[in-house]
Amino acid sequence: MLQSRRNFLNQLGLTAAGVGLASTFSTDLFAEMAPTKFSFDISLAEFSFAGELMSGKMTNMEFPARAKNDFGINVLEYVSMFFNNKHTDQTYLKELKQRCDDLGMKNNLIMVDGANIADLDAAKRQKAVESHYAWVDAAKFLGCPSIRVNLGDSSKAMSGVADDPAAEAAKTAADGYHKLLDYAAKSKLDVIVENHFGNTTDIDWLVGVLKQVNMPNMGLLPDFGNFCAQRSKPETNDIKGIMGTKCIKEFDRYEGVKKMMPYAKGISAKTHKFDANGNETETDFMKMFKIIKDAGFKGYVGIEYEGGVIGMYNPTGGYLPTNDGIRATKTLLERVRTELA
């Protein structure tokens, strides 16, 4: 960048004349040419409270106040399942929005886990796409600029069944995704995809789908913890069974995030455990955020602490309680942000 500035001055013949003439140019011009400091804002993913939400100790309506009052975070990322099918209830949405407005909160994202918009069956795929329309509408009403969707069948991931054949699924995923993007574009909303399960954990496959679609409101949500391509079969087909599985085959998370960054419209900073120095034990946050910084990322980094819900089913595993885990993640993100600024 400094070299660019020097070249600029040379071309104007100012170097020989001295720096005095350079001072006549607007300081704004040189400010634009200066290196931009790396920074990001922190949001909070609702799945961090999954244990409390699934057990009935907390409701979706209480999420905004918890985020602000307990953690000082005012940017929210919702999860569709915790709306309990009330996303089409205007009275419910109005109350939720009012609570957010009263607290000064920003609604940023709804993570939608619905029917498979990449289904190999054309009729089922179209029905799945249309079932997401209501989520686009709800997101628009709440002021969210985007929703997150899946390109695959989450029930297969829950049961340990292999995903659809990659080559065929790439074509149907591009078709369903394109149709949903068309609908969302009418509301000026982005529809972003997470590396979540099945084929989407193969980042080359996932990026290939986006290259096929090539629409301005598409994007990715890199998740630090979702690169497992194959897991052991769960003992039970529920959250407890899933949390108890082991990863057998995994895509390199650092290489995966690097490949996703050109399309990233958010970051999901997933955490599980921390060491005595406050570092996440599965992901090297400093290494990961150097990749993110080098990509020129500007946007929200969402805290998604899963240790709380895992700890419910594995109380001796050394997982922090939900509130402590969220705070530990926030502290780690703030430290990384300061060190890389």
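Which residues is Phe 251 in contact with, leaving aside its neighbours within four places in sequence? The first legend answers this; all the views are taken from a predicted model.

Figure 1. Leaving aside neighbours within four places in sequence, Phe 251 is in contact with Thr 201, Asp 202, Ile 203, Asp 204, Phe 227, Gly 256 and Lys 259. Phe 251 has a relative accessible area of 18% and is buried. Asn 226 is 25 residues from Phe 251 along the chain, and the C-alpha atoms of the two are separated by 8.9 Å.

**Figure 2. The protein as a whole, for orientation.** The protein has 341 residues, of which 47% count as buried. Its secondary structure consists of 16 helices and 10 strands. Among contacts between residues at least 6 apart in sequence, 77% join residues at least 24 apart.

**Figure 3. The largest nonpolar core, with Phe 289 among the residues that have the most contacts inside it.** This core has 94 residues. Helix α10 (residues 166-185) supplies the largest share of the core, 9 residues. The residues with the most contacts inside the core are Ile 110, Phe 289 and Ile 292. Not counting residues up to four places away in sequence, Phe 289 touches Phe 38, Phe 40, Phe 224, Val 301, Leu 333, Val 336 and Leu 340.

Figure 4. Helix α7 spans residues 122-131, and its buried residues are Arg 125, Ala 128 and Val 129. Seen down the axis of α7, these buried residues fall within an arc of 100 degrees, so they line one face of the helix. An α-helix has 3.6 residues a turn, so residues three or four places apart point the same way. On the other side of α7, the exposed residues are Ala 123, Lys 124 and Lys 127. The packing partners of the buried residues of α7 are α8 (133-142) and α10.

**Figure 5. Asn 108 in strand β3 and Ser 146 in strand β4.** Strand β3 covers residues 106-111 and includes Asn 108, while Ser 146 belongs to strand β4 (residues 146-149). Asn 108 counts as buried, at 10% relative accessibility. Ser 146 is also buried, with a relative accessible area of 9%. Leaving aside neighbours within four places in sequence, Asn 108 is in contact with Val 75, Leu 76, Glu 77, Cys 144, Pro 145, Ser 146 and Tyr 300. With neighbours within four places again left aside, the contacts of Ser 146 are Asn 108, Leu 109, Ile 110, Ala 139, Leu 189, Asp 190 and Ile 192.

**Figure 6. An aromatic cluster, and two lysines over tyrosine faces.** Phe 49, Phe 63, Phe 71, Tyr 78, Phe 83, Tyr 92 and Trp 135 form one aromatic cluster. A search of the whole structure finds 14 aromatic pairs. Lys 273 lies over the face of Tyr 319, at 4.7 Å from the ring centre. Lys 287 lies over the face of Tyr 254, at 4.3 Å from the ring centre.

**Figure 7. Two asparagines with positive phi, Asn 84 and Asn 214.** Most residues other than glycine have a negative phi. Asn 84, though not a glycine, has a positive phi of about 50 degrees. Asn 84 sits in the loop between β2 (75-79) and α6 (90-103) and is exposed, with a relative accessible area of 56%. Asn 214 has a positive phi as well, near 50 degrees. The loop between α11 (203-213) and β6 (218-221) contains Asn 214, which is exposed, with a relative accessible area of 61%.

**Figure 8. Thr 236 in the loop between β7 and α12.** This loop joins β7 (228-231) to α12 (239-243). Thr 236 counts as partly exposed, at 36% relative accessibility. Leaving aside neighbours within four places in sequence, Thr 236 is in contact with Gly 241 and Ile 242. Ser 159 is 77 residues from Thr 236 along the chain, and their C-alpha atoms are separated by 8.2 Å.

Methods
Residues numbered from 1 in each chain as written. Predicted model: local features only at pLDDT ≥ 70, side-chain atom pairs only at ≥ 80, totals over all residues. Heavy atoms only, no water. Phe/Tyr/Trp six-rings, centres within 6.5 Å; stacked < 30°, edge-to-face > 60°. Lys NZ or Arg CZ within 6 Å of the ring centre and 35° of its normal. Core = buried A, V, L, I, M, F, W, Y, C linked by side-chain atoms within 4.5 Å. Buried < 20%, exposed > 50% of the residue type's maximum accessible area, 1.4 Å probe, protein only. Helix = DSSP H or I, 4+ residues; strand = E, 2+ residues; numbered from the N terminus. Contact = heavy atoms within 4.5 Å. Arc of directions from axis to C-beta.
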